[in-house]
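Let's take a friendly walk through this molecule together.

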Amino acid sequence: MPDRPIVVLTAPSGAGKTTIARRVLAALPQLRFSVSATTRAPRPTETDGEDYHFLTPEEFQARIDAGDLLEYEEVYPDRYYGTLRSEVEAQAEHHPVLLDIDVKGALNVKRLYGDAALVLFIAPPSLDELRRRLESRGTEDPAALRDRLNRAEQELAKADACDAVVVNDDLDVAVEETLTRIRQFLEL
Ligand code: ADP
Ligand code: 5GP
């Protein structure tokens with residue numbers, strides 16, 4: 001097992017990576033979730049400090065200037081997301097860490113960590129199903145939904161650059177496949 005292993009789940013928005021990440025964390029309690037920073041507004045179901053560290057654009061910029069972010073992206077227009085060094089480095093001394101980040105960020109982490117990182121791409125069964133899932137989640141207004149679908153095609157084209165692709169058609173099957181790959185990587 002690598003010294004300080006990092007597991008990254010990445011996918012176009014709506015493919016199901018947050019759902020899978022929750023199930024993975026429940027099955028493998030030794031994994032610790034890296035809580036990202038973001039400038040987007042919290043959803044009604046989300047808690048600051050648990051789902052994200054919700055920051056103003058000024059606070060986010062200050063974290064960039066201080067060198068606190070391992071990577072960050074303007075994932076959608078005016079919406080920044082980034083991995084805090086403190087979430088990864090402090091926790092990774094004792095536990096493998098799980099990241100749920102966009103595809104560009106995931107490939108940056110792979111460049112930084114090499115074999116110490118396992119990057120799993122969670123793919124939707126089709127673009128139509130991705131749209132249905134995003135619509136049925138009901139968390140985005142029409143403009144934000146369009147931004148997410150526009151980005152999805154570019155992200156799907158990068159799946160092959162990841163370490164493995166898990167198709168999330170039947171959720172239970174996808175969770176099992178994800179767990180198998182993580183256990184293999186962590187030698188559990
Ligand atoms: P992401 O974190 O990738 O944006 P979510 O985990 O929020 O995606 O999932 C998007 C929506 O799709 C949610 O409403 C979730 O309940 C649903 N979903 C996730 N996996 C499946 C699946 N295998 N089949 C049907 N719906 C799913
Ligand atoms: P959402 O707004 O649906 O929670 O997330 C939108 C996208 O931003 C998802 O692809 C999610 O994985 C990604 N994301 C969340 N945190 C980070 C992060 O720290 N860095 C990067 N690069 N992307 C992130």
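Ligand 2 sits in the largest pocket. Keep in mind that this is a predicted model, and that the values below were computed from it.

Which residues come nearest to this ligand? Of the 18 residues around ligand 2, the nearest are Ser-36, Arg-40, Tyr-52, Tyr-81 and Asp-102.

Now zoom in on single atoms.

| Residue | Protein atom | Ligand 2 atom | Distance |
|---|---|---|---|
| Asp-102 | side-chain N or O | nitrogen | 2.7 Å |
| Gly-82 | backbone N or O | oxygen | 3.1 Å |
| Lys-17 | polar side-chain atom | oxygen | 3.3 Å |

How much of ligand 2 does the protein bury? Taken alone, ligand 2 exposes 510 Å², and the protein buries 96% of that.

Next, find Ala-159. Look in the loop between α6 (142–156) and β9 (164–167). Is Ala-159 buried or exposed? Its relative accessible area is 9%, so Ala-159 counts as buried, the cut-off being under 20%. Not counting residues up to four places away in sequence, Ala-159 touches Phe-121 and Val-165.

Glu-140 lies in the loop between α5 (127–137) and α6. With a relative accessible area of 16%, Glu-140 is buried because that value falls under the 20% cut-off.

Which side chains make polar contacts with the side chain of Glu-140? One is that of Arg-137, at 3.1 Å. Another is the side chain of Thr-139, joined to that of Glu-140 by a polar contact of 2.6 Å. Leaving aside neighbours within four places in sequence, Glu-140 is also in contact with Arg-43, Leu-145 and Arg-148.

To finish, return to the whole picture and try to find these places again: the pocket that holds ligand 2, the loop with Ala-159 and the loop with Glu-140.

Technical notes. Residues are numbered from 1 along each chain as its sequence is written. Chains are lettered from A and ligands numbered from 1 in the order in which they are written. This is a predicted model: local features need pLDDT of at least 70, side-chain atom pairs count only at pLDDT 80 or more; totals for chains, interfaces and linings use all residues. Side-chain values use heavy atoms; hydrogens and water are left out. Helices (H or I, at least four residues) and strands (E, at least two) are DSSP runs, numbered from the N terminus. Buried means under 20% relative accessible area, exposed over 50%, partly exposed in between (1.4 Å probe, protein chains only). Contact means heavy atoms within 4.5 Å. A residue is near a molecule or strand if one of its heavy atoms lies within 4 Å of it. A polar contact is a pair of N or O atoms within 3.5 Å; within protein, one must be able to donate a hydrogen and the other to accept it, and residues adjacent in sequence count only if both atoms are side-chain atoms. Accessible areas come from the Shrake-Rupley method with a 1.4 Å probe; for residues, only the protein chains shown count as cover. On a 1 Å grid over the protein atoms alone, a cavity is a set of points where a 1.4 Å probe fits but cannot get out, and a pocket is an open set with protein on both sides within 12 Å along at least five of seven lines; lining residues have an atom within 4 Å of a point. A molecule sits in a cavity or pocket if more than half of its atoms lie within 2 Å of its grid points.
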